[in-house]
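Let's take a walk through this protein and look at the spaces inside it. Have the sequence and the 3D view ready.

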Amino acid sequence: MTAKGKVDLKQFVKRQSARLGANLIGFTNVERWEEYAEIDKLFYPQSIWPWSKSVIVLGIQIYPPMLETTPSVVYSDLYNTSNRILDDIGYKVANVLNQKGYRAFFFPRDCYGDISVLIDKPEAAFSHVIAGKYAGLGTIGYNHMLLTKEYGPRVRLVSVITDAALTPDKIIEKDLCTKCELCKKHCPTQAFTTTSALVSDMDKYKCSVYHKQLRDNHTYPCGVCIKVCPIGADRKIYGKTSITQEGIEHCRSFGSK
Ligand code: SF4
Ligand code: SF4
């Protein structure tokens, strides 16, 4: 394919993704996993799918007025809806590439089966957060989430893996996280521990056990560490808080035990 052909395919995928509802769209080549070498090689896309050349990372926003009710059925329903939409977008974008003759599929956004599995093995086969960083969508914050200029960490991600050679986007070099540690302060399980590195040590076991409680109460997931993060242009629209305390209590009084 010519250089122009690659640009055209990338633009075509971008247009299709936006049309399907993606708020954020980024492209990376698989070489960036080797270049940065910050996770186990087993988790590189090319280790799992040797034909892969590019990863397209697609994000949708989490609405603050719903997130701010967490833990609640309102946020739980938003989370489930966002997962459904992401699967839909990922499936269809992969299909677009298939129809043009490329190998492509989407890696689902959570893919750990059930929260009880995460308690024993707190990781998934593929990291959308790492992929999002390499695709130029944001930087990894103290809270282990992808922080984006647009929505801070209030974004959910899915990745499409393909053998189409698409021009990678520029990586954001300057950390967006200010290390304010509001996420640490408000975490209900005290899962974060400050280290000399920007990203905290995280007790994933504590976080997972708490999530199991929330799941049993129909209010999964937690989301406090993305709720309180001050990064993101969405704060300009919604402000620091977008719901009254009475409103939060009202929403929490429905749908859960
Ligand atoms: S709340 Fe502060 S420390 Fe935590 S991720 Fe956001 S900017 Fe970083
Ligand atoms: S999801 Fe909740 S429990 Fe888990 S680290 Fe974030 S704030 Fe803490």
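## Around ligand 1

Which residues are around ligand 1? They are Tyr 142, Asn 143, Cys 177, Thr 178, Lys 179, Cys 180, Glu 181, Leu 182, Cys 183, Cys 229, Pro 230 and Ile 231, where being near takes a heavy atom within 4 Å. By class, eight of this shell are nonpolar, two polar and two charged. Here Ala, Val, Leu, Ile, Met, Phe, Trp, Tyr, Cys and Pro count as nonpolar, Asp, Glu, Lys and Arg as charged, and the others, Gly among them, as polar.

As for its place, ligand 1 sits in the largest cavity. "Sits in" means that more than half of a molecule's atoms lie within 2 Å of the grid points. On a 1 Å grid over the protein atoms alone, a cavity is a set of points where a 1.4 Å probe fits but cannot get out, while a pocket is an open set with protein on both sides within 12 Å along at least five of seven lines; lining residues have an atom within 4 Å of a point.

## How to read the model

This is a predicted model, where local features need pLDDT of at least 70 and side-chain atom pairs count only at pLDDT 80 or more, but totals for chains, interfaces and linings use all residues. Residues are numbered from 1 along each chain as its sequence is written, chains are lettered from A and ligands numbered from 1 in the order in which they are written, and side-chain values use heavy atoms, leaving out hydrogens and water.

The largest pocket has a volume of about 1,500 Å³. Of its 49 lining residues, Val 129, His 144, Met 145, Met 202 and Lys 204 are the closest to the centre. By class, the lining has 33 nonpolar, eight polar and eight charged residues.

What takes up this space? The largest pocket is the space taken by ligand 2. Around ligand 2 there are 13 residues, the closest being Cys 187, Phe 192, Cys 207, Cys 222 and Cys 225. That shell splits into 10 nonpolar, three polar and no charged residues.

How values were computed. Points joined across faces, edges and corners; volume = space filled by probe spheres on them.
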